[in-house]
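Please walk me through this structure. Begin with the sheet, then turn to the backbone.

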Amino acid sequence: MRRDGRGRGVSVAAATALVCALGLSAVPEAAYAAPGEPGPAPGPGGGADGGATGGQSLEEVHQEVDGLYRKAESATDAYNLAREKQARQEKAILKIARAVVKAQKEMAGLRKRAGAMARAQYRGGGMPAEARLFLNGDPGEFLDGVTLARKGEKATHGLIGRLERTQAALDRYADSASLEWERLDRSRAKKAAAKKEILRKLARAQRLESRLAKDERERLRQLEEDKARGAQAKWLDTGILRELGSGATAMGGRAVDFARAQLGKNYVWGAVGPDTYDCSGLTQRAWSAAGRAIPRTSQEQWRLLPKVSTKAMRPGDLIIYFRDASHVGMYVGSGAMIHAPRPGRQVTVAGAGSMPILGVVRPDAR
């Protein structure tokens, strides 16, 4: 593990990465804060002045807006997961439908053969083949008849067996299709509920921000940056930077390069590029560009990808934030990460410790 700071991940922009690592510069864009955490005191004019904030202090507006965006992002994860489940269930139902068509064709053929056998027996006077066989007085024909009778009996049993197995398969398909439809309905309902929740939270946050005057919106942004910078400085004070590696794998380096190329693009909930992203959409596409498929949501990325110690973090690793794993960024070296923060913000470089870290996952772990 390299510790000299000259690895591929350090080139986020030397000055930006260095200052970010020292915890002295403003984080380029806002980072989420956990709801309810105390923040820095509001700047001049940010008190309860009865103005555009409707009697709230700017800090109170910041906390409410921040909490709304956090809840919307958590609901976005639920929406994305329900959407993925819906897509899988629709494919499963299509697969079942194709199997049913195939089984139905086979059943039609078997029934046709069974009908032909029944008609043949009817033409023989309805007497079983075995009875006719023993009434035959010619020894040679009798022996030939024994062989034919055995073949006929075997064919009849085989046909009946295939009819039973095919009917059982159709019954299983029917049960499976019913179960998948029920699951699909639940996924659709969850997706619709999550979308409704997202839109409600986003609309509320946007209404709050829209009531702020231009200078208040700028002070709100500054509050966000101050809070993120303070969290980053506290994280760096632990000495973590001395532990972190700077060397990315070839695949991790490609993922970092992709993420870096998206800087400045807008956050849009549910977006996976190429022009807009949400947080997990960005990390998923970055690793896809590097040649590794990973789950769509930050919660699934946390649940399914190999976990590594924060101290072992290297460029390309994904940092999962908050207890509910509702946010994710990509570590790029020198204590910095790239992420898509929230609506109204752009893909940006930020301090890796600017939000509460849940843990780190490594898509290319072996």
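**The sheet and its helix**

Ala336 stands opposite Gly351 in strand E5. The model is a predicted one. The strands E4 and E5 run antiparallel and are joined by four bridges. E4 covers residues 336-339, and E5 covers residues 348-351.

Step back to the whole sheet. Six strands make up an open sheet with antiparallel pairing. Their order is E1-E6-E2-E3-E4-E5. E1 (307-308) and E5 stand at the edges. Each has a single partner strand, so one side of each is left without a neighbour in the sheet.

Helix H8 touches E2, E3 and E4. The direction of H8 makes about 45° with that of E3. H8 spans residues 279-290.

**Backbone exceptions**

Most residues other than glycine have a negative phi, and most peptide bonds are trans.

Take the peptide bond first. From Gly273 to Pro274 the bond is cis, with omega near 0°. Pro274 sits in the loop between helix H7 (250-261) and helix H8. H8 is the helix that packs on the sheet.

Now turn to phi. Ala325 is not a glycine, yet its phi is positive, near 55°. This residue lies in the loop between strand E2 (318-321) and strand E3 (327-333). Is Ala325 buried or exposed? Ala325 is buried, because its relative accessible area is 4% and the cut-off for buried is under 20%.

Ser334 is another case. Its phi is positive, about 55°, although Ser334 is not a glycine. Ser334 lies in the loop between E3 and E4. At 15% relative accessibility, Ser334 also counts as buried.

**The whole chain**

Now widen the view. How many helices and strands does the protein have? The secondary structure comes to nine helices and six strands. The protein has 366 residues, and buried residues make up 43% of them.

Contacts tell about reach along the sequence. Take contacts between residues at least 6 apart in sequence: 74% of them join residues at least 24 apart.

Last comes the surface. The accessible surface of the protein is about 18700 Å². Carbon and sulfur atoms account for 55% of that surface.

Note on methods. Residues are numbered from 1 along each chain as its sequence is written. This is a predicted model: local features need pLDDT of at least 70, side-chain atom pairs count only at pLDDT 80 or more; totals for chains, interfaces and linings use all residues. Side-chain values use heavy atoms; hydrogens and water are left out. Helices (H or I, at least four residues) and strands (E, at least two) are DSSP runs, numbered from the N terminus. Buried means under 20% relative accessible area, exposed over 50%, partly exposed in between (1.4 Å probe, protein chains only). Contact means heavy atoms within 4.5 Å. Accessible areas come from the Shrake-Rupley method with a 1.4 Å probe; for residues, only the protein chains shown count as cover. Two strands pair if DSSP finds at least two bridges between them. Axes are lines fitted to C-alpha atoms, for helices over the stretch in contact, and angles run from 0 to 180 degrees between N-to-C directions.
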